[in-house]
Amino acid sequence: MSDFLRSLRGDTPRLCSLSFIATSMRVQRLHKVFDSDVIAIEDLTIEIRSGEFLAVLGPSGCGKSTLLRIIAGLDQPTSGSVEKDEGKIAYVFQDAHLLPWRTVLRNVALPLELMGASRAERLDAAADALRQVGLGDAMSRYPAQLSGGMKMRVSLARALVTQPKLLLLDEPFAALDEITRQKLDEQLRELWLRHRMTVVFVTHSTGEATFLADRAVVLSRRPARIVEDLGIELPANREATLRSDPKFAAITRRIYSALERGGA
Ligand code: ADP
Ligand code: MG
C-alpha cells in the first residue's frame with residue numbers, strides 16, 4: 001500500500017475508510033518543466049474518485065496531454081506525484097493508430113496478444129468488444145475500408161478489450177464531423193455506464209464535456225492551474241435530447257466562461 005493510502009487510513013478512521021474505497025487517483029502538487037524551460041504544469045492537485053467520468057478542458061498548449069501522459073506513466077513529472085489504484089490503463093488518442101495490415105478483429109485483439117492471452121481467448125474478447133461498439137459486422141474489414149468514426153470505434157474497442165480500470169482519452173473525437181462525434185459521445189457514455197471504469201477525457205468542446213462527464217475541471221493557460229472544478233448534475237442515462245435541455249445549456253455556459261477566465 002502506498003504512503004498516501006496508508007495516511008488516509010491512519011488519520012481519521014471513519015472518513016478515511018471512505019476515501020480509501022472511493023479515491024482512485026490523486027495528482028498531487030504536480031510540476032512539469034520541459035528542457036526548453038517551458039513550464040507546462042505548475043502545482044496542480046486533482047483528486048479523482050473511482051468510477052468517475054472526469055472531463056479536462058483548457059486552452060491549447062496548457063498541458064492537458066502532458067497531464068494525461070504523466071498519469072499514464074508515459075512521462076515523468078519534474079516534481080509532485082500521481083498516486084493511483086492498481087489496474088490496467090488504456091489510452092485513446094485522436095488518431096486511431098490502427099495497423100493497416102491487420103483486420104479490425106486482429107487490431108482489437110492486439111493488446112491481449114501482447115499480454116500473452118491464448119488465440120481463442122483474445123479473439124473472443126475482441127469480438128465482444130467490437131459488438132459493444134456496434135461493429136459486430138465489420139470484424140474482417142481492414143482499416144482502409146473504414147470511415148473516420150468507425151476507426152475511432154475500433155480504437156475504443158481496443159481500449160476496452162483489456163477491461164481497463166482507468167481509461168484516458170485525449171481529444172479522441174475532435175477530428176470527426178459533428179453528428180458522428182455526438183453519436184460516439186452517446187456510445188461512450190453508455191459504455192461507461194456498463195463498465196464504470198474511471199475516465200479522464202480531454203476535450204476542447206464544452207458541449208461534449210457536459211454531455212459525457214460527471215465533473216469538469218477547467219485549466220488555465222500555461223502553466224496549467226485549475227480555474228473551475230464543476231460537478232455536472234445531469235441524469236446518469238444521457239439521451240441525445242438532453243442537449244436541448246436548459247440545464248445542459250447552463251452547465252455548458254459555465255464551462256465556457258471558466259475557459260474564458262483561464263485565458264482561452
Ligand atoms: P495541450 O495538450 O494542453 O495542448 P501539451 O501538454 O501538449 O498541451 O503541451 C503543453 C506545453 O508543453 C506546450 O507549450 C508544449 O509545447 C510543451 N511541450 C509538450 N511536450 C513537450 C516536449 N516533449 N518537449 C518540450 N516541450 C513540450
Ligand atoms: Mg494535447
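Helices (H or I, at least four residues) and strands (E, at least two) are DSSP runs, numbered from the N terminus. The structure is a predicted model, in which local features need pLDDT of at least 70 and side-chain atom pairs count only at pLDDT 80 or more, whereas totals for chains, interfaces and linings use all residues. Residues are numbered from 1 along each chain as its sequence is written, chains are lettered from A and ligands numbered from 1 in the order in which they are written, and side-chain values use heavy atoms, with hydrogens and water left out.

A polar side-chain atom of S65 is 2.8 Å from an oxygen atom of the ligand, and a polar side-chain atom of R222 is 3.2 Å from an oxygen atom of the ligand. For C62, a backbone N or O atom lies 3.2 Å from a ligand oxygen atom. Of the 560 Å² of accessible area that ligand 1 has on its own, the protein covers 60%; accessible areas come from the Shrake-Rupley method with a 1.4 Å probe, and for residues only the protein chains shown count as cover.

R222 also takes part in a feature of the backbone. The peptide bond from R222 to P223 is cis, with omega near -10°, and P223 lies in the loop between β8 (215–219) and β9.

Helix α9 (residues 246–261) has 16 residues, which at 1.5 Å a residue should span 22 Å, and its end C-alpha atoms are 23 Å apart, which agrees; the expected span is 1.5 Å times one less than the number of residues. Its buried residues (under 20% relative accessible area; exposed is over 50% and partly exposed in between, with a 1.4 Å probe and protein chains only) are F248, I251, T252, I255, A258 and L259. These residues cover an arc of only 120° around the axis, which puts them on the same side of α9; the arc is that of the directions from the helix axis to the C-beta atoms. P246 and R253, on the other side of α9, are exposed.

A236 is placed in the loop between β9 (226–231) and α9, and is partly exposed, with a relative accessible area of 38%. The C-alpha atoms of A236 and H97 are separated by 31 Å, the two residues being 139 apart along the chain. H97 is found in the loop between β5 (89–92) and α4 (104–114) and is partly exposed at 48% relative accessible area. Although H97 is not a glycine, its phi is positive, at about 50°.

A positive phi, near 55°, is also found for R196, a residue other than glycine. R196 lies in the loop between α7 (178–195) and β7 (198–202) and is partly exposed, with a relative accessible area of 46%.

Q132 belongs to helix α5 (residues 119–132) and counts as buried at 19% relative accessibility. Its side chain makes a polar contact with the side chain of R194 (3.0 Å), a polar contact being a pair of N or O atoms within 3.5 Å; within protein, one must be able to donate a hydrogen and the other to accept it, and residues adjacent in sequence count only if both atoms are side-chain atoms.
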